[in-house]
Amino acid sequence: MKIIITGSLGNISKPLTEALVQKGNTVTVITSSNDRQEEIEKLGASAAIGSVEDLSFLTQTFTGADAVYCMIPRANYFDPNLDLDAFTRKIGNNYAEAIKLSGVKRVVFLSSIGAHLKEKSGIIQRYNEIEAVLNQLSDVSITFMRPTSFYYNLLAYIPAIKNQGFISANYGADSLIPWVSPNDIAEAITEEISSPLDGKKIRYVASEELSGHQTAKILGEAIGKPNLEWKLISDEETLNGLISVGMQPKIAQGLVEMYAALYNNTLGADYEQNRPSVLGKTKLSDYAIEFASIYNQN
């Protein structure tokens, strides 16, 4: 198959590219950085240099492909000039238009847990909109991947662990968090993009379900702090903390709303009804090795 991958060599796109190349596919990776070209080619793929915000570039790159993997790039939440809603919406609409204009018939889109919600899901509400736009494409088979909470998001708590000695958030604690490894997401995408599909499909991906307390214990043991605690704090405290470290207030509010929805189970309701029968291979104890390495570097 001729497959187009967005996301450059990110946490998901790199292992996904490696897996698809190993299966004998012709893979092109879209990247906005010329510096990535050599690394992409070393993986056995080709690089398409350009931006997913450029509709004509996207359409040209998608044309002739058997399948495409689409994801929304990460944005800088500390940029005071970022309009996150507009950024996300524009790229989602670009994907829909490029798929239509190029004639691609097989798509895997990286959505999110909580994408079933039209409101009160915080910064991920846009994924509900994008899924709706993509669902309107006729004669295109789409798998909507809905991963849960990424392990690497835990890296954001390193400063608090070092400065305060504990993790604090408005979710977690005694409540379960469905965690996921990017490697497990890449494996699931590889399965989906390599399989025939007629119509639209939603697939959740998770690696391990743990409470905040269990999460803190595993991380604590990895970094030599076996008594590390996860403390539940209010939405207001969480918001003030995010703003105090320089996060854009509107985005901070969106994060707090998303975390609150996770804690009260609004976010995970559809996930629980459609929980994957088999969880991913990478457990938090595996990821904790990487976490500890980064923790000890700072």
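These legends describe close-up views of a predicted model.

**View 1. An open sheet of three strands.** The strand order is β7-β9-β11. Pairing within this sheet is mixed. Strands β7 (149-150) and β11 (208-211) form the edges. Each of these two pairs on one side only.

**View 2. Strand β7 beside strand β9.** Strand β9 covers residues 176-180. Two bridges join β7 to β9, and the two strands run parallel. Within this pairing, S149 stands opposite W179 in β9.

**View 3. Helix α8 on the sheet.** Helix α8 spans residues 212-222 and packs on the sheet. The strands touched by α8 are β9 and β11. The direction of α8 makes about 100 degrees with that of β11.

**View 4. Helix α8 against helix α12.** Helix α12 is made up of residues 284-297. The axes of α8 and α12 lie 9 Å apart. The packing angle is about 45 degrees. Why is α8 called oblique to α12? Angles under 35 degrees count as roughly parallel and 65 to 115 as roughly perpendicular, so the angle of about 45 degrees makes α8 oblique to α12. The crossing of α8 past α12 is right-handed.

**View 5. Residues where α8 meets α12.** From α8 come T215, I218, L219 and A222. They meet L284, S285, A288, F291 and A292 of α12. How many residues of this contact are nonpolar, polar or charged? Seven are nonpolar and two are polar, while none is charged.

Technical notes. Residues numbered from 1 in each chain as written. Predicted model: local features only at pLDDT ≥ 70, side-chain atom pairs only at ≥ 80, totals over all residues. Heavy atoms only, no water. Pairing = 2+ DSSP bridges. Helix = DSSP H or I, 4+ residues; strand = E, 2+ residues; numbered from the N terminus. Contact = heavy atoms within 4.5 Å. Axes fitted to C-alpha atoms, helices over the stretch in contact; angles between N-to-C directions. Parallel < 35°, antiparallel > 145°, perpendicular 65-115°, else oblique. Left-handed = near helix turned anticlockwise from the far one by under 90°. Nonpolar A, V, L, I, M, F, W, Y, C, P; charged D, E, K, R; others polar.
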